[in-house]
Amino acid sequence: GAMNDGVARTVAQWIIPGALGRYPNLAALQADYPHVTSTLQSLNWAAFQAGVNYLQDIGLAGGGTLFVPDGQYHIVGSVLQTRAANALRGGVDIVGAGRRGVWIFHEGPTTLFQAIGHPSAIGRQYTDLKVAGMTLLGNNTLGSVAIGHTLVSDPHYVDLHIEGFDYAWYLQDVDQAVFSASMIQFNRRGLFARQDPLGPAVVPN
């Protein structure tokens with residue numbers, strides 16, 4: 001699972017004789033984490049993405065909440081949920097214990113939390129997604145995004161502190177977003193929002 005000590009780790013530490021060794025090799029690790037393709041990938045990214053994938057595959061009637069306990073998490077990469085290929089996947093809220101207790105450090109020119117609804121199936125955009133209860137800290141990388149949502153209706157952004165990203169929010173084809181008790185500072189740009197009349201847009205990376 002995820003490590004909340006703020007240390008940058010790769011999944012190599014899950015492979016024996018790594019410090020957290022529990023798998024003999026990458027192929028064995030991929031049985032539990034099929035989205036991992038390299039031992040150089042971020043351990044916390046792998047853990048967060050595994051949680052999102054599990055909840056998405058419960059289905060449209062399910063989905064659920066990925067809860068993030070207090071602690072400091074270092075992530076390199078994009079935690080993605082998408083209905084682009086399967087309109088029936090469930091939606092996943094990502095909710096921390098509170099922005100004073102949950103700190104997520106993100107590196108690189110990617111989108112930390114990304115969601116993409118289905119581009120054409122009626123009623124299959126994501127609805128009522130929530131990102132809440134966290135402090136999100138980037139490392140001032142061009143092209144980095146804290147929250148990137150595309151084809152999402154009624155998202156809720158609650159109790160967030162976002163700083164150090166190129167974009168704090170990058171929203172495309174998003175309806176009726178709700179912002180509550182959230183603040184942004186020291187980002188290159190704060191909020192980008194637009195409608196793309198020619199088809200679904202994507203975040204810059």
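Which residues of helix 2 are buried? Let us look at that helix, and then at a few other spots in this model.

## Before we start

This is a predicted model, in which local features need pLDDT of at least 70 and side-chain atom pairs count only at pLDDT 80 or more, while totals for chains, interfaces and linings use all residues. Residues are numbered from 1 along each chain as its sequence is written, and side-chain values use heavy atoms, with hydrogens and water left out.

## Helix 2

Helices (H or I, at least four residues) and strands (E, at least two) are DSSP runs, numbered from the N terminus. Helix 2 covers residues 43–56. Its buried residues are Leu 43, Asn 44, Trp 45, Ala 46, Ala 47, Phe 48, Gln 49, Gly 51, Val 52, Asn 53, Leu 55 and Gln 56.

The expected span is 1.5 Å times one less than the number of residues. At the start of the helix, a side-chain oxygen of Ser 42 comes to within 3.5 Å of the backbone nitrogen of Asn 44.

## Arg 99 and Asp 159

Arg 99 sits in the loop between strand 4 (92–96) and strand 5 (102–107), and Asp 159 belongs to strand 10 (residues 156–163). A polar contact of 2.9 Å joins their side chains. Such a contact is a pair of N or O atoms within 3.5 Å; within protein, one must be able to donate a hydrogen and the other to accept it, and residues adjacent in sequence count only if both atoms are side-chain atoms.

Leaving aside residues up to four places away in sequence, Arg 99 also touches others, including Gly 133, Met 134 and Thr 135. Touching, or contact, means heavy atoms within 4.5 Å. Asp 159 is partly exposed, with a relative accessible area of 23%.

Most residues other than glycine have a negative phi, and most peptide bonds are trans. Asp 159, however, has a positive phi, near 55°. Phe 186 has a positive phi as well, near 60°. Phe 186 is found in the loop between strand 13 (183–185) and strand 14 (189–194), and it counts as exposed at 62% relative accessibility.

The peptide bond from Ile 16 to Pro 17 is cis, with omega near 10°. Pro 17 lies in the segment before helix 1 (26–32).

## Buried or exposed?

Gly 71, in strand 2 (residues 71–76), is buried, with a relative accessible area of 14%. Not counting residues up to four places away in sequence, Gly 71 touches Asn 4, Gly 101, Val 102 and Trp 103.

Ala 85 is exposed, with a relative accessible area of 82%. Its place is in the loop between strand 3 and strand 4. Ala 85 and His 35 are 50 residues apart in sequence, and their C-alpha atoms are 16 Å apart in space.

Methods
Buried means under 20% relative accessible area, exposed over 50%, partly exposed in between (1.4 Å probe, protein chains only).
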